[in-house]
Amino acid sequence: MPVDHKRINGPEISIPYQLFDKLNTKSLKTQFSEIVQPNGTRADGRTSTEHRKIFLKTGVVSQAKGSAYIELDQTKVIVSVFDPREIPNKTDYSSKGEIYCEFKFAPFSCHKRRLHQQDAEEQQFSAIMKQALESAVFRHEFPNFQVDIYAMVLHNDGAALSAAITAAGVALAHAGIPMYDLITSVTLAVQGNHLLVDPTLEEERLCQVPLFKEEENNHGIVVLSVLATHEQISQFYQSGYLSYACLSSGIEMLTNAAKDIVTLVKKCLVKHVIKSVRIVED
Amino acid sequence: MSKNRELLSKIGLRQDGRRADELRRIRCKLGVFTEPDGSAYLEQGLTKVLAAVYGPHQVRGSRSKAQHDSAVVNCQFSMAVFSTGERKKRPRGDRKSTEISIHLRQALTAAIKVELYPWTQIDVYVEVLHADGGIYPACVNAATLALIDAGIPLKEYVCACTASLANNDVPLLDVSHQEEIIGGPTLTVAALPMSGKIVLMEMSQRFHVDHLQKVLDKALQGCKDIKSILDEAVKSHIQDVGSSTGWASTT
Amino acid sequence: MALCEAEKTFVLHGVEENFRVDGREREDYRPIELETNIVSHAFGSARLRLANTDVLVAVKIEVDVPYPERPKEGKLEFFVDCSANATPDFEGRGGEDLAIEISNSLSAAYKSPEVFDLTKLCILKGHKCWKIFVDILLLECGGNLYDAVSIAVKAALWDTRIPLVKSVTVDGNNVDMEVSDELHDCQKLDVTAAPIMVTVCKIGEQCIVDPNVAEELCSVGAVVIAVSKDKFSTVLQIGSGSLHPQTLLECLQMGEKVAQRLSEALTETLSEINPNKNQDVGFLK
């Protein structure tokens with residue numbers, strides 16, 4: 001791995017102090033039962049199917065063609081979209097335009113400090129994001145060109161990828177790039193028979209490993225992006241260990257949750273249009 | 001212990017039981033893959049190499065590379081991360097593999113009739129699966145076979161071989177990894193064995209200039225031996241391919 | 001490879017009729033060849049040839065220090081190298097994007113403790129553990145890379161032998177370990193739950209498995225489904241298309257069914273391999 005010598009990269013090996021925290025001595029199972037009640041009520045008072053409150057705003061980066069900022073309670077992501085430009089280092093003609101995505105956690109966004117270079121997880125998220133957005137954009141409208149999308153997570157409190165995809169959809173619309181549909185994305189965390197929509201970081205962490213025995217060893221994370229009007233799933237990603245029954249009910253839950261967000265996205269875009277029309281009128 | 005570390009024992013046997021002028025066993029096969037225009041697999045002792053040839057085709061990347069009077073030969077050498085005893089970090093891009101790529105290109109350009117294909121490019125890719133000394137010679141030999149499989153006109157076979165000097169006196173043929181570690185000079189020669197031309201020569205460590213001639217002769221002899229082995233392989237491959245179409249049975 | 005509209009229609013009609021270009025049915029695989037233990041520098045290895053797709057997997061083991069947040073676990077790392085032998089496009093760093101995509105999907109599929117138990121790789125809690133490097137070399141791409149890679153990885157892990165640790169001594173901060181000298185003193189990894197990936201490809205209105213290159217070009221979207229035992233360990237949508245939720249569910253069902261069959265076939269094949277008989281033929285065959 002090439003190292004950027006102009007930055008102070010910090011020590012190569014460091015251990016987050018939280019590991020030595022007294023609270024950490026509890027078993028994961030107790031931690032989970034503290035966060036999620038048996039009836040599905042979560043630490044912040046939401047039910048298991050309830051999404052966190054969303055704040056969405058367009059036009060936050062003035063240099064970019066289009067941009068959006070999204071907050072899912074603590075999770076904060078900023079996305080900017082730049083004008084189409086020629087695909088670099090490519091000589092042959094491509095009839096469809098390209099989408100370039102760069103997903104990045106800010107160094108201060110997580111418990112552990114992130115490096116400035118993309119790590120494997122960020123590269124994977126970039127690829128998933130690209131996959132999600134490709135089917136939403138009229139790529140044949142800009143052959144031989146590429147649209148650059150940069151997503152920066154300012155604070156990661158779970159479901160950062162979903163937030164980034166939703167915001168990227170809004171930013172693309174804000175940039176005036178022709179699209180088939182608005183794209184919205186929701187994350188689901190599964191532990192045993194608890195299906196938690198839009199998990200926080202803590203919930204995500206506790207869903208990485210199975211906590212319950214035998215029949216209830218389902219666990220994992222599902223990310224799903226939806227083009228609501230066309231009823232199409234543009235991206236689907238699951239990791240963990242899930243049965244078909246669990247996965248199918250999860251998909252249904254996520255599709256509904258994603259559709260619910262569309263109204264909010266629309267409202268946000270309408271607000272932007274009204275604002276720009278007013279500016280023209282003045 | 002010191003006795004064990006001799007390149008050549010008193011009775012004239014080497015670490016792996018070979019005589020001084022003996023090559024390691026060479027086994028090879030042409031046409032191992034279907035996607036490339038030509039491909040070959042070669043084992044020289046434990047060293048295992050795969051080579052693939054694409055082309056001649058239109059020059060890829062910047063058009064300015066194309067030459068009006070000859071084909072561009074493009075080589076890439078790469079080593080599988082598991083090919084060495086200790087796991088490698090990267091398969092290619094380090095200094096050593098870049099050097100081998102350049103040397104490979106040098107040797108192959110000398111053998112290919114590049115003037116027949118102006119404005120084109122020939123790609124040669126070699127992949128080392130198991131490294132046990134003499135990587136470069138094995139790559140050259142595998143690449144020759146792959147070029148023949150691709151049907152690219154060559155002036156003649158290009159073969160490479162290493163030679164060393166034991167006890168400051170006896171030249172050794174085809175150095176293995178074990179012998180490389182023990183030390184002793186290594187002379188690598190890539191040659192066109194039929195005309196006796198040397199296309200590349202590289203030497204590490206030192207011996208007296210008086211010994212050079214006999215070590216070089218030994219290496220060239222090795223190239224000639226390898227050539228006849230490769231020739232045999234090509235002939236039997238052609239026969240195999242031919243017999244499936246029926247023409248070999250007529251002879 | 002480029003296909004014209006007529007060729008695409010031909011492939012499409014074949015899929016509709018359940019009689020594909022090469023005569024297979026929609027749920028059929030192309031012939032698979034599998035060899036294990038062919039890289040002598042490695043602790044375990046496998047070479048898989050699925051029609052024209054050629055994959056070589058080697059497993060290397062090193063001693064490492066466990067992650068501080070998971071002191072009781074060993075490490076498992078996947079590295080994919082796309083050899084330029086496969087296609088000139090992979091020259092230099094050309095194959096890196098594909099390599100990262102495949103290695104990430106593998107890490108995701110092997111992440112759950114139900115799938116692969118990393119705690120068995122721990123030597124001394126917090127101090128020493130085995131780190132398993134699974135190195136995958138793509139030698140030829142003839143479609144359906146994910147499936148080929150996942151089967152080869154499972155076979156290579158099955159073939160892997162971890163040296164037995166005789167004793168571990170702790171002296172202050174120094175940890176010394178002694179590995180058994182006996183060559184045959186080693187333990188095998190438990191790979192019964194190791195996932196098998198199945199790429200389900202949607203062509204026209206139908207779903208197929210094991211697409212060849214031509215079929216991959218005709219598909220509107222594909223789902224890579226990693227199945228471990230009877231559960232899904234990773235599902236990943238690839239390609240630029242989108243799917244209806246119902247199609248996705250159909251794909252999942254089909255993937256699970258095919259993966260079960262594939263997994264059974266693999267277990268059977270592996271049990272037939274006789275370690276004493278030298279079946280080493282490698283590329284010379």
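**Reading the core, a sheet and a helix**

Q: In this predicted model, which residues touch the most other members of the largest nonpolar core?
A: In soluble globular proteins, nonpolar side chains tend to be buried together. Here the largest nonpolar core holds 228 residues. A:Ala164, B:Ala51, B:Val124, B:Val126, B:Cys139, B:Ala142 and C:Ile225 touch the most other members. Helix α2 of chain B, residues 135-150, gives the most to this core: twelve residues.

Q: What does B:Val124 touch?
A: Leave out residues up to four places away in sequence. Its contacts then include B:Ala51, B:Val53, B:Val73, B:Cys75, B:Leu104 and B:Leu108. B:Ala143 and B:Ala146 are also touched.

Q: In what order do the five strands of the open sheet in chain B run?
A: Strands of a sheet pair through backbone hydrogen bonds, either parallel or antiparallel. In chain B the order is β1-β2-β3-β5-β4, with mixed pairing. β1 (26-30) and β4 (72-79) of chain B each have a single partner strand, so one side of each lacks a neighbour in the sheet. From one strand to the next, the twist averages 15 degrees.

Q: How many bridges join β4(B) and β5(B)?
A: Eight, in the parallel sense; β5(B) covers residues 120-130. B:Met79 has B:Val128 in β5(B) as its bridge partner. Helix α1 of chain B (residues 95-111) packs on the sheet, touching β4 and β5 of chain B. The direction of α1 makes about 140 degrees with that of β4(B).

Q: What span should helix α5 of chain C have?
A: At 1.5 Å a residue, the 28 residues (245-272) should span 40 Å. The end C-alpha atoms of α5(C) are 41 Å apart, which agrees. Buried residues in α5(C) include C:Leu248, C:Leu252, C:Gly255 and C:Leu266.

How values were computed
Residues are numbered from 1 along each chain as its sequence is written. Chains are lettered from A and ligands numbered from 1 in the order in which they are written. This is a predicted model: local features need pLDDT of at least 70, side-chain atom pairs count only at pLDDT 80 or more; totals for chains, interfaces and linings use all residues. A nonpolar core is a set of buried Ala, Val, Leu, Ile, Met, Phe, Trp, Tyr and Cys residues joined through C-beta atoms within 7 Å. A residue is buried if 20 or more other C-beta atoms lie within 10 Å of its own, exposed if 12 or fewer, and partly exposed in between; C-beta atoms are placed from the backbone. Helices (H or I, at least four residues) and strands (E, at least two) are DSSP runs, numbered from the N terminus. Two residues are in contact if their C-beta atoms, placed from the backbone, lie within 7 Å. The expected span of a helix is 1.5 Å times one less than its number of residues. Two strands pair if DSSP finds at least two bridges between them. Axes are lines fitted to C-alpha atoms, for helices over the stretch in contact, and angles run from 0 to 180 degrees between N-to-C directions.
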